[in-house]
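Please look over the sequence and the 3D structure shown here before reading on.

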Amino acid sequence: MPRDPRHDVLFEPLRIGPKLMRNRFYQAPHCVGFGAERPGAEAYLRAMKAEGGWAVVNTEAALVSPEDDYGGFTTQTRVSDDRQIANLELYVERAHEHGALAGIQLLAMGRDATGMSTREPGGGATRAVSDSLWWAAAYEMDRDDIRELEDLYVAAALRARRAGADIVNIAGAEGAGLPLQFLMARHNRRTDEYGGSFGNRARLWLEVLERVREAVGDECAVTTRLCVDTLHGTAEGIRAEEEGAAFIELADHLVDFWDLQVGGETLDRWVRDAGTSRFYPEDFQGRWVRAVRSCTDKPIVGVGRFTNPDTMAELVRTRKLDMIGAARPSIADPFLPKKIDEGRLGDIRECIGCNVCISRVNAGAHIICTQNPTLGEEYRRGWHPERFSTARNAEASVLVVGGGPAGMECAITLGKRGMAGVHLVEADAELGGHFHWVPRLPGLAEWGRVVDWRKNQLAALDNVSVVTGTRLNVADVLDYGADIIVCATGSHWATDGLNGPSQSPVPGADAALPWILTPEQIMVDDKPVPGERVVVYDCESYFVGVSLAERLARSGHQVTLITPMPGPAMYLGLTGEAIEMMPLLAELGVEIVPAHLITEVGDRVLYGRPRHDPGASPAVWETDALVLTTQRIADNGLYRALKADRGALRAAEISGLYQAGDGRAPRQQVADAIFDAHRLAREIDTADPRRPLPYVPEERLLGMTAKDYDAIVDPSRDDVGRSTVLERP
Ligand code: SF4
């Protein structure tokens, strides 16, 4: 399909200093949790975006000082010693192979260095306890410290240049960045030439830019990632029209383009940079970035969870932005630019704005994606989001039972692997499983993209048939005539209050009673929620309990949320939603009772106690209704019954019986169910598809050479053409 001419403007080349961008798509720097420890994974993840058409790819913030660390959160890229150059070279080479420019973002963490790994405190503009890492305390840098730090920036920039990087980006935003800390009056109480007036506070940043620019010469474009508005709304922070504009005017001659974002100057304010769809629409940063447009003629890149090509084209056409910056949209679909270029808009796997990607990095693990199960698997498993090898058993037919996100993903992947015939059979009238109703929870409409994208893909596959409104039993499955059966039958919420914290049901809890309800009963069955007072008993601690609490409060109920956890919806702290959700619940009058178990349910009365104090006097709550978001139960009866009768399977000539998704283990995030199903389909032709094939671990194993690592993986299973990248001169 040809490109829509309205989107042509997105494919006009753009000069940024000494470099030429092939189009206007810029993968903004973002963490992935691989960094210096897993250079293959880091390089191949970025390379996939380069292959997908992004004109610029970037590392995450790369640490310039050997004494900085993000220990406790994530693994960063390092550019703090010469040994790192080989890792950076691999990243740059792979980006260049696919025609992208490679940027390296240089970061000095200042007072936000955790010191958990290095045991060193950070150096700050002012001696201070961090406002987001309250256990860390920084010393005040003196002039010698400042000079040494500038030397570290220069050395790091030269390493980036030696590695072949095209762009050197000085970080002054999202979560850390010493230059921004010096610039902000809030963090800089100095009285010397680096403090006091705005010009003095800007001095460090300007000196770093000047020295880095001089060091890299014409071989690299130079930019800086500026938090153009920290959203404090006072002169203590950065306001776009005031301090943001003033800094751009001061530093404009030192950069080739501006990389702008808002709201992320500390580690707990990044959530306003990476806003979730629950609270922030597409282009949510635009109004602040546009406020400084007139301050510079240099190209500007901005972010805003852009997935709509019409929005992007309009922003570039009107020069509100010159480049479309994206982290999450490039994670959900590394091939977003190519798909726009080829007019394949229906194929774009749009980001749903859930921030599960970030949550895993915040948890100290590596990045994943709800929409894109191949994310992070490019190197270690050799997966490609758009390429699928033909299965060795492609002549087989497959019946996938269950059309939720896992079943849909499994059928799509099997279809793309060329299986002779794939039948996806769903009991309900609609595909989607529990994601049929989740997007109707407040603020979660964009989550509907999980099902929408998969429906589109299924419709385009000639070898996949979809049947809805048909519940299959054991006899039906045996009679179906398929060679391989995949049970993706999902899960349901416990009706008896079974929960992890107490490892048992709650005595007296029974959702067959008219005043006790499960999420499905509310969202699918329209079971009425009686009376005024409602208690939500939330042991899931992610989005379902608080979303139902919000929904019920908005419809006029007086809601109490009781949870055994230290606070409500603890996982939202990792996705960044908590910072907005907690005030919202307070505003809606939702009462929170943390760290309490409900131990017994009477007739419209609940008995409980503090979770960690079994001897405490019982707490009592009278209520008109009780909602149980305690845990989900796997619907695996069909699988178990089929597996129990091996003779019947043999008689029906069924060669493989597998489970995938929540029916196997109902984990908290749909991303895991989708991954599970994708993994099974990718490996449906191995000796034992139930067990994942080994992947390249990259973590150092004593006695192993680089070749040994790669030898773990069967090279014939390599869809992406992964080479032995670790065996480098
Ligand atoms: Fe978007 Fe969610 Fe994927 Fe992150 S995990 S890129 S927010 S869909």
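## Basis of the model

This is a predicted model, in which local features need pLDDT of at least 70 and side-chain atom pairs count only at pLDDT 80 or more, while totals for chains, interfaces and linings use all residues. Residues are numbered from 1 along each chain as its sequence is written, and side-chain values use heavy atoms, with hydrogens and water left out.

## A three-stranded sheet

Three strands form an open sheet of mixed pairing in the order β7-β9-β8, and its edge strands, β7 (123–124) and β8 (128–129), each pair on one side only. Strands here are DSSP runs of E with at least two residues, and helices are runs of H or I with at least four, numbered from the N terminus; two strands pair if DSSP finds at least two bridges between them.

Strand β8 pairs with β9 (residues 137–140) in the antiparallel sense over two bridges, and Ala128 stands opposite Ala138 in β9.

## Surface patches

Nonpolar side chains (Val, Leu, Ile, Met, Phe, Trp, Tyr) are joined within 5 Å, and like charges within 9 Å, with Lys and Arg counted as positive, Asp and Glu as negative, and His and the chain ends not counted; the place of a charge is NZ of Lys, CZ of Arg, CG of Asp or CD of Glu.

Met116, Val129, Trp134 and Trp135 form a nonpolar patch with about 490 Å² of accessible area together; Val129 belongs to strand β8. A negative patch is formed by Glu67, Glu120, Glu140, Asp142, Asp144 and Glu148, of which Glu148 lies in helix α3 (residues 143–162).

Key: Patches are made of residues with over 30% relative accessible area and no salt bridge: like charges are joined within 9 Å, nonpolar side chains (Val, Leu, Ile, Met, Phe, Trp, Tyr) within 5 Å. Accessible areas come from the Shrake-Rupley method with a 1.4 Å probe; for residues, only the protein chains shown count as cover. A salt bridge is a side-chain nitrogen of Lys or Arg within 4 Å of a carboxyl oxygen of Asp or Glu.
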